[in-house]
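Here are my notes on this one, written to be read with the model open beside you. Go through them point by point and find each residue as it comes up.

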Amino acid sequence: EKNSDTVGPLVAVLQPLSEFLSLYADGNHTYAVHVITELLEQYYTVESHFTGAPELVIKDLRRHQGYATELVAEFARGHYQVHDRTALVMDLFAIMCANLRPLLREFDPILRKLAALEGPEQTKVAIQARKVMMEGREPTFEERRMEMEAILKTALYAKAFADRSRILEPLVTRPGGTENLLLVD
């Protein structure tokens with residue numbers, strides 16, 4: 001009984017630390033995915049309401065939210081900073097593509113939401129979200145290089161010319177360009 005009296009307060013004190021450490025459980029990159037996803041969700045939460053004229057949207061929000069004027073004011077304040085927030089989202093997209101490329105598929109749910117935004121201020125974000133989703137589907141430079149190397153090695157060891165042609169056919173007919181792989185040191 002004495003032991004359970006001390007465990008309860010200890011668990012309550014360690015709870016925030018435990019939650020914080022759980023964010024890093026799978027490493028720094030997973031934590032970065034979590035933070036960026038939260039920021040993009042905040043952008044989406046505000047901007048998903050603004051598909052028409054801001055004044056009409058705010059009136060509609062006030063009607064639907066009732067007396068939650070603080071929430072409506074927060075949405076309005078956020079939307080009136082849309083240009084700065086859009087620049088931040090574009091920077092986040094650049095960070096995602098440059099530093100978190102292998103994890104781009106982790107962002108798919110929020111990228112799909114952002115790609116569906118329809119307001120005139122959100123067009124730039126919607127287009128870039130689609131580009132990031134497509135980039136996440138493309139194989140990396142290293143993967144493409146390894147594929148080309150394997151095809152060329154296989155063709156090199158083929159005995160008959162017809163076999164070499166058949167082996168090299170996927171390389172010639174592949175949908176993406178190969179010049180960036182062939183012209184690299």
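1. Start with Leu 104, which is buried, with a relative accessible area of 2%. This is a predicted model, so take the numbers here as computed from it. You'll find Leu 104 in the loop between α5 and α6. Leaving out residues up to four places away in sequence, Leu 104 touches Met 96, Cys 97, Leu 111, Val 132, Glu 135 and Gly 136. Now look for Met 133: its C-alpha is 7.3 Å from that of Leu 104, although the two are 29 residues apart in sequence.

2. Next, step back to the whole chain. Take the contacts between residues at least 6 apart in sequence: 66% of them join residues at least 24 apart.

3. On to the cores. The largest nonpolar core has 23 residues, and the ones with the most contacts inside it are Leu 40, Phe 93, Met 96, Phe 107, Leu 111 and Leu 114. At least two residues of this core come from each of α2, α5, α6 (108-115) and α7 (123-137). Which helix gives the largest share? That's α5, with 7 residues. There is also a second, separate core of 7 residues, including Ile 58, Leu 61, Val 72 and Ala 76.

4. Not counting residues up to four places away in sequence, Met 96 touches Ile 36, Leu 40, Arg 101, Leu 104, Phe 107, Leu 111 and Val 132. Leu 104 from point 1 is in that list, and so is Leu 40, one of the core residues with the most contacts.

5. Now the helix pairs. Two packed helices are described by the angle between their axes and the distance between the axes. Helix α2 (residues 28-47) and helix α5 (residues 82-99) pack at about 150°, with their axes 11 Å apart. Angles over 145 degrees count as roughly antiparallel, and α2 and α5 are therefore roughly antiparallel to each other. The crossing of α2 past α5 is left-handed. On the α2 side the contact includes Ile 36, Leu 39, Leu 40 and Tyr 43, and on the α5 side it includes Val 89, Leu 92, Phe 93 and Met 96. By class, the residues of this contact come to 11 nonpolar, 4 polar and 2 charged.

6. Compare that with α5 and α7. Their axes come within 10 Å and cross at roughly 10°, which makes α5 roughly parallel to α7. From α5, Thr 86, Val 89, Met 90, Phe 93, Met 96 and Cys 97 take part, and from α7, Lys 124, Val 125, Gln 128, Ala 129, Val 132 and Glu 135. That contact has 8 nonpolar, 2 polar and 2 charged residues.

7. One more pair: α6 and α7. Their axes are 7 Å apart and the packing angle is about 145°. α6 passes α7 in a left-handed crossing. In α6, Asp 108, Leu 111, Arg 112, Leu 114 and Ala 115 meet Val 125, Ala 126, Ala 129, Arg 130, Val 132, Met 133 and Arg 137 of α7. Sorted by class, this contact has 8 nonpolar, no polar and 4 charged residues.

8. Finish in the loop between α6 and α7, where Gly 119 lies. Is Gly 119 buried or exposed? With 1% relative accessibility, Gly 119 counts as buried, because the cut-off for buried is under 20%. Gly 119 touches Phe 50 and Thr 51, again skipping residues up to four places away in sequence.

9. At 62% relative accessibility, Pro 120 counts as exposed, since exposed means over 50%. C-alpha to C-alpha, Pro 120 and Phe 50 are 9.1 Å apart in space, and 70 residues apart in sequence.

Terms used
Residues numbered from 1 in each chain as written. Predicted model: local features only at pLDDT ≥ 70, side-chain atom pairs only at ≥ 80, totals over all residues. Heavy atoms only, no water. Axes fitted to C-alpha atoms, helices over the stretch in contact; angles between N-to-C directions. Helix = DSSP H or I, 4+ residues; strand = E, 2+ residues; numbered from the N terminus. Parallel < 35°, antiparallel > 145°, perpendicular 65-115°, else oblique. Left-handed = near helix turned anticlockwise from the far one by under 90°. Contact = heavy atoms within 4.5 Å. Nonpolar A, V, L, I, M, F, W, Y, C, P; charged D, E, K, R; others polar. Core = buried A, V, L, I, M, F, W, Y, C linked by side-chain atoms within 4.5 Å. Buried < 20%, exposed > 50% of the residue type's maximum accessible area, 1.4 Å probe, protein only.
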